[in-house]
Amino acid sequence: MRNAFFLSLFALIAVFHGYSQNVATGAPTVMENYIRRTPVLKVLKDFETKYGMTLKYDSAALEGFTYEGLFFSAPVEVAFERVCTEVKGMSCYVDDEGVYCVVPTENLPRNRTNLENKRYDGDVSRRNLTVTGRIKDQTNGEFLPFATVQVEGHPTVAATTNNDGYFTLYNVPSDKETLVFKYLGYETQYFYLSPEINVLNLFVELQPAVKALDEIEVVAKREDVLKIPELSIGIIQTTAAKIADLPALGEKDLFRTFQLMPGISASNESSAGMYVRGGTPDQNLVLYDGFTIYHQEHLMGVFSAFNTNAIKDVQLHKGGFDAKYGGRLSSVMEIVGKTGNDKTFNAGGDAGFLGFNAYAETPFGNEKGSFFIAGRRSFQSFMYDKFTSVYSESSASMGGGGPGGRFNMRNSEKPESYFYDLNAKLTYNPSKRDIVSLSFFNGEDVLDNSREDFGSSSLTGGITDHSNWGNIGGSLKWSRNRDGKFYSNVLASFSKYYSLRDRSNSTTATSGPTAVMFDMNTGEENNLWDYSIKLDNEYKLNGRNKLEFGLNYSGYKIDYRYSQSDTFNILDMRSVGNLLSAYAQDRWTLSERLSILPGVRLSYYDVTSRPYAEPRFQAFYKAGGSNINLKASAGYYYQFVNRIVREDISAGSRDIWLLSDNEGVPVSSAMHLIAGASYETKDFLFDVEAYRKQLHNLSEYTLRFAPSFIDNAGYQEFFYTGKGYSQGIDFLVQKKYGKLTGWIGYTFGQTRYNFPVYGDGYFPANQDVTHEFKTVVTYKPVRDLTLSASWIYATGKPFTEPIGAYTLTTPSNGQMNFIIVDKKNNARYPDYHRLDLLAKYDLSFIKGIKSSVSVSLFNVYDHVNVWYREYSFDQSVGITETNINLLGFTPNVTFSIQLK
């Protein structure tokens, strides 16, 4: 009792002293007595309502935390920091807006540990530092490629991590600076240097962005789905986690997401391939963990071949790409696959009306390694049949316009088909400087378009029609960070594209007592093998120069056979080629405002026995302040492996991969010229780029001008060579942060080809779109709900319209109808537009397990978009025109689940 009396007396004196001091100075102080395990939520609410603090926290996450303590005239921040340090399992940090955030310790971003890493206010002991380190995901240990690190207040002192998450930051002014770490979809992290910190081996773990908190608390800021990196030209970056927030046709899709950006056509609904600034999909170099993927579509072009659950990061270069990349005319997409969780086992998956996919990841070797595997397979449902019915109806007897000619006859039977893909990756870190990874990819489509009868009493029999096509590949990579300045990796890879079709027609025609049997079959097979070895090096000379140089060898083998009746080969081509390339470039910062990237790529192609030089140049200038960037690029590009369109009016067009030989298929080339500017604030980005591509030695194969029968020796005379150009301008306005984010994009473009076989002068290419407008909006009204919408408008694509027809009588008194066409692509289809919606709700019905349900609506107002047109002729009615339309209103529901 006596002790309690003195304690109460002491408390009374202290309170009175604090009160008198507060009156005298006007400084707010905390006078509270929290006893009997007071809930932390009440304590935090006191700091907000009584003492005017602005805090961020998730009430549900802090439920159950308690605090006991007594404050006598303590300064507010001192008292708050005491609460943060004394509550077991709870931590606090200051975010990039200067606001205190309160989280469970397990959710605390590394290097901002419970307010311990504070700004250093002492004297400087080191100047002009070089800081090196690695950035990883806090939750699963995966490295973060293409993340940025910058010195606060010094925008030119910045660096970007490489594919393995390593960075080197030169010319850091002193050891009391603040480093800012950013990555798309993650919280911006601040790290305060001090004399005690070893700056040569920083290990930084970023935390995925905190989702919007409930309505009572402050809402954390949110970064947009797509990002245009600073000091870049034509580059767009995204992560797989962000793709799920956008509307999609059936399921989240990598290529469809990029199609929503300016410069990438979104009106090619029948193809998930990318038409970048007037280019075609085969002119894009698509790298998955360093090896080339040649076939990038599923379900006759509806979906891309990449499972977003297996992807960590993606960068797309729309043009003007640097000397590190070669072999393509249009663009480069670099996909980095997930390495897997090196902390704990995790699994998850998605299921919808089109199919399902699942993945699993696990660590091994005491967190030195990880293994990741993901698989996806479609199944036939009402929605899947809706897609295939569109394409089965798209094949006319006059040749069809369906993707790759997979369907080439109308029938009432449903084709049977499915697709699957498999991704796997094994990663091991034998030391802090070494990473060894083994990656694998396999994607395949299988189609059975067979039918048993023709619906006619005079024709009986059946057609057997089997096709399968896909890509299989893998890579083994060893990366080494030698001393923070010199980084190198060696990669050995293989990739195989294959396409097979076997079609046979056994028909019995009955006319009275006479029956005539017809037995005809056609076969088509295309195989491409690519074996490559790459050596890439980065050497940072100093804060102004980063040298990049390397070697690349690729060995190609391509077979193509197109035959009838097993014995008659219309085309039988086999080719082998070797390509040896070397490149060098220097990322050179000339001043705080001006930086350049000169480079050159030299190649030797043994098929043509000659070298090829590809100079490249990029320049960036900061004008009128740090928010305005001017940019320009020029470069020359060659392509040695080409996908040729085999135009065949009678049997349908198909795509063929062939090696250039400078005879029937010459080595194609392009010259890129790009100039643009961007203005960026904290919340908005304004970007504009003008471009022109001059194209030479384009190839096309057509039987339009061929006689009825040709022998194999004469196939090359039906390859035709042309030239072309593509030019235009891209505009982008993007809102990056807040509950409401999105962008508006517009492209004005022209793509023109000149093939003398079609006549004099230039004509619009098949993929030419003059105007294309896109708007994307994402809104997060409450914590667990994401709403998004996209609207696309594009002027119609060109096509060749007939101008007449006639009938000939054969010697046997039969009649044959012929349609006369005008100049190639002399008309255009109607304008294309559609609205897509998505609602995604994050579920929390099982504690510790993440799950969500998404409802997507494609083409909400059911607009009729024309895919292509068919024409038929009858003397009694003349020419009949039939529109083959794309998909109308299409809903889908997807359920996703993840253990951690």
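**Rings and strands in a predicted model**

Phe-731 has 36% relative accessibility in this predicted model, so this residue counts as partly exposed.

User: Which residue forms an aromatic pair with Phe-731?

Analyst: Let's look at the rings. The two centres are 6.2 Å apart with 25° between the planes, and the pair is stacked. Phe-731 lies in strand β38 and its partner in strand β39, so the pair ties together parts that are 15 residues apart in sequence. The partner is Tyr-746.

User: Is Tyr-746 buried, partly exposed or exposed?

Analyst: Buried would need under 20% relative accessible area, and exposed over 50%. Tyr-746 comes out at 26%, so the label is partly exposed.

User: What kind of pair do Tyr-294 and Trp-657 make, stacked or edge-to-face?

Analyst: Tyr-294 is in the loop between β16 and β17, while Trp-657 is in strand β35, 363 residues apart. Both residues are buried. Planes over 60 degrees apart count as edge-to-face. The ring centres here are 5.3 Å apart and the planes are at 85°, so the pair is edge-to-face.

User: What is the bridge partner of Arg-134 in β12?

Analyst: Strand β6 covers residues 127-137 and pairs with β12 in the parallel sense, over 5 bridges. For Arg-134, the partner in β12 is Phe-203.

Methods: Residues are numbered from 1 along each chain as its sequence is written. This is a predicted model: local features need pLDDT of at least 70, side-chain atom pairs count only at pLDDT 80 or more; totals for chains, interfaces and linings use all residues. Side-chain values use heavy atoms; hydrogens and water are left out. Two strands pair if DSSP finds at least two bridges between them. Helices (H or I, at least four residues) and strands (E, at least two) are DSSP runs, numbered from the N terminus. Rings of Phe, Tyr and Trp (its six-membered ring) pair if their centres lie within 6.5 Å; planes under 30 degrees apart count as stacked, over 60 as edge-to-face and the rest as tilted. Buried means under 20% relative accessible area, exposed over 50%, partly exposed in between (1.4 Å probe, protein chains only).
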